[in-house]
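I opened this model to look up the ligand site first.

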Amino acid sequence: MKTFIYPGSFDPVTNGHMDIIERASKICDKLFVAVLISHSKQPLFSMEERVSLLKRAVSHCDNVEVECFSGLLVDYVAQKNAKVIIKGLRAVSDFEYELQMALLNQKMAPDIETLFMMSNINYSFLSSSMVKELAKYGGNIKGLVPECIEEDVLRKFKK
Ligand code: PNS
């Protein structure tokens, strides 16, 4: 059974993430979307909110499950009996950070591979930070996040 892990902060999930999730789920048997419980980063959405938004967004993908993890990614991957980490690459600017993480993970767990998928050109400019910035100042986030979570993102800034 081919199990892939797609890790991230997902604060919140964007259509760029959804593009990677939908494409990756087609080339594996099971895809775990793994939400990092970060102790250093201060996310806008709580871990429960990020998981819940993701679960709603992926409800049409039969072989996709959303979980959270803490600690080292490679330990979580091994615990799921998986061998593949999926990451999305948007632009050259992502490359250095992603290379560093992939090489560190390879050093710690040589039997786990990181596979990179090039993001869809329509989302190569998109990030969770940009979505939050837009939502904060009343910009239009239509088409940038899954429709079913749009209201939740906007509501966060209305408080
Ligand atoms: O969406 P993000 O914030 O770019 O995701 C980063 C993530 C979650 C993939 C990365 O921070 C991670 O794997 N954290 C777990 C801790 C870990 O394993 N660190 C060592 C590799 S750098």
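I count a polar contact when a pair of N or O atoms lies within 3.5 Å; within protein, one must be able to donate a hydrogen and the other to accept it, and residues adjacent in sequence count only if both atoms are side-chain atoms. The model is predicted, so local features need pLDDT of at least 70 and side-chain atom pairs pLDDT 80 or more, while totals for chains, interfaces and linings use all residues. Residues are numbered from 1 along each chain as its sequence is written, and side-chain values use heavy atoms, with hydrogens and water left out.

A backbone N or O atom of Leu73 lies 2.8 Å from an oxygen atom of the ligand. A polar side-chain atom of Ser9 lies 2.6 Å from a ligand oxygen atom. The protein covers 77% of the 540 Å² of accessible area that the ligand has on its own (Shrake-Rupley method, 1.4 Å probe).

Helices (H or I, at least four residues) and strands (E, at least two) are DSSP runs, numbered from the N terminus.

Phe10 is in the loop between strand 1 and helix 1. Its phi is positive, about 50°, although Phe10 is not a glycine. Pro12 lies in the loop between strand 1 and helix 1 (15-25). A cis peptide bond joins Asp11 and Pro12, with omega about 0°. Most residues other than glycine have a negative phi, and most peptide bonds are trans.

**Lys132**

Which side chain makes a polar contact with the side chain of Lys132? I found Asp11, at 2.8 Å. Lys132 is in helix 5 (residues 128-136). Leaving aside neighbours within four places in sequence, Lys132 is in contact (heavy atoms within 4.5 Å) with Asp11, Pro12, Leu44 and Phe157.
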